[in-house]
Amino acid sequence: MRQKGSHDFGSAPSVIMEPPEVVLPDGEVFARRAARLRDLVIRVPALDEYLSFMARVVQAQHLALSERKPAWQPPADAFDAALEHGLPPLGHTALRRDLDWRADLQAILESLDLHAGQRQRPLLQQLRQLPESTLEALAERALDGRAAEPALRGLQPLVAAALQVSWVRLAVNLPRPPARLAGEARTLCPCCGAEAVVSVVHNEQHRSGVRYLHCGLCSSQWHLERLRCSLCGEGAKLRYLTLDDEHGKPYLPVQAEACGDCHGYRKLIARDQDGHAEPLADDLASLALDLALGEGGEYARGGLNPLLVLGD
């Protein structure tokens with residue numbers, strides 16, 4: 001693992017620009033994620049079987065989002081009051097029991113049945129046989145960012161995958177983006193209130209070099225100034241850590257932005273270095289960076305990827 005005093009991913013834009021504060025997802029978010037995961041299978045051979053399965057999971061999410069009409073759909077004005085008063089309109093605590101995420105889970109499992117290998121089939125069967133109360137508990141833990149008990153931990157990412165579909169569907173159809181949250185809530189998603197997974201430096205013309213936090217639940221993004229810790233807001237003791245290949249170059253466009261003030265880190269994904277980088281996919285593929293930081297013991301990970309359960 002290599003340490004640098006500053007990040008490798010360029011500087012903040014020098015021209016005056018007003019990037020959008022909040023960017024909602026579109027209906028192709030899972031398709032792009034699945035494509036990136038398939039590419040990463042080749043680029044990260046040590047994780048090829050795992051990334052290949054996750055690519056199939058995410059492709060199943062895309063099919064559930066694009067082909068399934070949910071039983072419950074909010075009325076057109078359902079979120080107007082929250083948007084007007086600056087509150088997350090898709091609060092995950094309030095909506096969990098309204099959304100038919102179990103139907104999205106069933107759709108994902110049916111898609112996976114066609115492609116799952118022998119090692120994954122027992123997992124799918126175990127998930128189908130869970131009591132309703134256990135499913136609810138898994139969903140609650142996934143939304144709260146808590147790992148399930150060890151015997152059920154392998155099932156939690158599949159439950160989280162269904163929850164993602166349900167919340168992305170809502171976010172795609174919001175009439176307008178909400179306002180960015182302020183103060184200590186700045187790292188929470190302004191759409192659903194979930195914790196940010198990673199930060200992303202973008203390459204699009206209207207926000208080139210600008211950093212956004214990325215929501216792991218609804219895939220919304222919101223602007224956060226660079227060169228400050230995305231966990232505590234300090235900037236004096238930041239370190240940027242990366243894992244390099246045999247040539248001394250980062251093998252993925254990913255760094256850990258580690259803070260000496262709060263002793264936490266959140267990954268930084270550089271789409272301005274690799275335009276195909278995808279926040280959750282590249283986070284999964286850079287698992288070795290989490291393991292290296294975990295062994296060091298100095299920094300704790302900030303931001304839970306719902307598709308990745310590292311344990312308590």
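## Arg-211 and the basis of the model

Arg-211 is placed in strand β4 (residues 211–215). Strands (E, at least two residues) and helices (H or I, at least four) are DSSP runs, numbered from the N terminus. Arg-211 counts as buried, at 1% relative accessibility. Buried means under 20% relative accessible area, exposed means over 50%, and partly exposed is in between (1.4 Å probe, protein chains only).

This is a predicted model: local features need pLDDT of at least 70, side-chain atom pairs count only at pLDDT 80 or more, and totals for chains, interfaces and linings use all residues. Residues are numbered from 1 along each chain as its sequence is written, and side-chain values use heavy atoms, with hydrogens and water left out.

## The nonpolar cores

A nonpolar core is a set of buried Ala, Val, Leu, Ile, Met, Phe, Trp, Tyr and Cys residues joined through side-chain atoms within 4.5 Å. The largest one has 83 residues. Leu-90, Leu-127, Leu-163, Trp-167 and Cys-192 touch the most other members. Helix α8 (residues 156–172) gives the largest share of this core, eleven residues. Another core lies apart from it, with six residues, among them Cys-229, Leu-238, Tyr-240 and Leu-268.

What does Cys-192 touch, not counting residues up to four places away in sequence? Its partners are Pro-88, Leu-90, Gly-91, His-92, Trp-167, Cys-215, Leu-217 and Cys-218. Contact here means heavy atoms within 4.5 Å.

## Cysteines without bonds

A disulfide is a covalent bond between the sulfur atoms of two cysteines. Here the term is applied to a pair of cysteine sulfur atoms within 2.5 Å. A search of the whole structure finds zero disulfides.

Cys-215 is buried, at 0% relative accessibility. For Cys-259, the closest cysteine sulfur is in Cys-232, 3.7 Å away, so it is too far for a bond. Cys-259 is buried too, with a relative accessible area of 1%.

## Rings and charge

Rings of Phe, Tyr and Trp (its six-membered ring) pair if their centres lie within 6.5 Å; planes under 30 degrees apart count as stacked, over 60 as edge-to-face and the rest as tilted. The structure holds zero aromatic pairs.

A ring does meet a charge. The charged end of Arg-207 sits over the ring of Tyr-212, 4.6 Å from its centre. The rule asks for NZ of Lys or CZ of Arg within 6 Å of the ring centre and within 35 degrees of the ring normal.

## Positive phi in two loops

Ser-219 is not a glycine, yet its phi is positive, about 65°. It lies in the loop between β4 and β5 (221–223). Ser-219 is buried, with a relative accessible area of 3%.

Leu-227 also has a positive phi, near 60°. Its place is in the loop between β5 and β6 (238–242). Is Leu-227 buried or exposed? Leu-227 counts as exposed, at 55% relative accessibility.

## Arg-56 in helix α2

Arg-56 belongs to helix α2 (residues 48–67). At 25% relative accessibility, Arg-56 is partly exposed. Leaving aside neighbours within four places in sequence, Arg-56 contacts Leu-112, His-115 and Gln-120. Arg-56 and Leu-188 are 132 residues apart in sequence and 28 Å apart in space, C-alpha to C-alpha.
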